[in-house]
Amino acid sequence: MVKKSSPARPYKKTVPPGFSSDGDGHALKNRILLGLPPKECDFILSKLTLVDLRLHDLLQEVGHPIHYGYFPNTAMGSVLNVMADGKSVEVGLVGKEGFIGLPLIAGLHSSASRVVTQAQGTAYRINADDMRTAALRGCPQLIVSLMRYAQESTMEVTQIAACNRLHDVEKRLARWLLMSHDRIGSDRLPLTQEFLAQMLGTRRASVTVAAGVLQKAGLIHYTRGHVSILNREALENACCECYVVIKKQLDRWQKESGPS
């Protein structure tokens, strides 16, 4: 279940000078922030706070005002489409490559999706008004990078929508595990059958069967609340085409645009 939690907890220190480690090993990993030129750092540094996101924290809700944007550092967010009956399905993941709160750069104030923390960790939080200010002046490279990320995110959403409609649960589970592994860099991923069924838009029983198939093949080890990736290469081979399609398009755009 998604927690209607209190705001994310700030660490004792805010953003470390020059985006270096804060002394507790929390070095900056968000690629958008790492790509900023020195002239934009002063503005962003003064507006960001390093916060601790807990598992299943609610970061944004459908139709509700967006109070903060988040640059995930070691945390990962799950973007959900919510139906009228309360059922939801995952349409995107946001990790160290991205930003949660894209409507803000277009001057919008509310969210069209629910976003929850799927892997706990740190993120750099920015007030919504400060993000809009950055979108209007002072940070042109930040906006270019966010616009590129918006295109990447849209491409992933459309591919995942097709994946959820056309591919079986086992292949979708493999795709989800690979995408999550890319974003948090850990072979051990926290999840429950209930939450993963919500992510994949299927029944818990189907998730159990799919995880059992992958485990029997020696690709993962599944225990209550966690999945460990044992053989990434084999997991890629067991995945549907969608993971490769997404990766190839991201690589193609990177070559077209160069460093952001």
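This is a predicted model: local features need pLDDT of at least 70, side-chain atom pairs count only at pLDDT 80 or more; totals for chains, interfaces and linings use all residues.
Start with the open sheet. Three strands make it up, in the order β9-β11-β10, and their pairing is antiparallel. At the edges sit β9 (188-190) and β10 (220-223), each of which pairs on one side only. On average, neighbouring strands here are turned by 20 degrees against each other, ignoring direction. As for the contact between β9 and β11 (residues 226-229), the two run antiparallel and are joined over 3 bridges. Within that pairing, Pro 190 stands opposite His 226 of β11. A helix comes into the picture too: α5 (residues 169-184) lies across β9, β10 and β11, and runs at about 105 degrees to β9.

Elsewhere, strand β7 (residues 114-119) is worth a look. With buried meaning under 20% relative accessible area, 6 of its 6 residues are buried, so β7 is largely enclosed by the rest of the structure. Two pairings of this strand can be described. One is with β3 (residues 58-60), antiparallel and spanning 2 bridges; here Leu 58 has Val 116 of β7 as its bridge partner. The other is with β5 (residues 76-82), again antiparallel, over 5 bridges. As a general point, strands of a sheet pair through backbone hydrogen bonds, in either a parallel or an antiparallel manner.

Conventions:
Residues are numbered from 1 along each chain as its sequence is written. Side-chain values use heavy atoms; hydrogens and water are left out. Two strands pair if DSSP finds at least two bridges between them. Helices (H or I, at least four residues) and strands (E, at least two) are DSSP runs, numbered from the N terminus. Axes are lines fitted to C-alpha atoms, for helices over the stretch in contact, and angles run from 0 to 180 degrees between N-to-C directions. Contact means heavy atoms within 4.5 Å. Buried means under 20% relative accessible area, exposed over 50%, partly exposed in between (1.4 Å probe, protein chains only).
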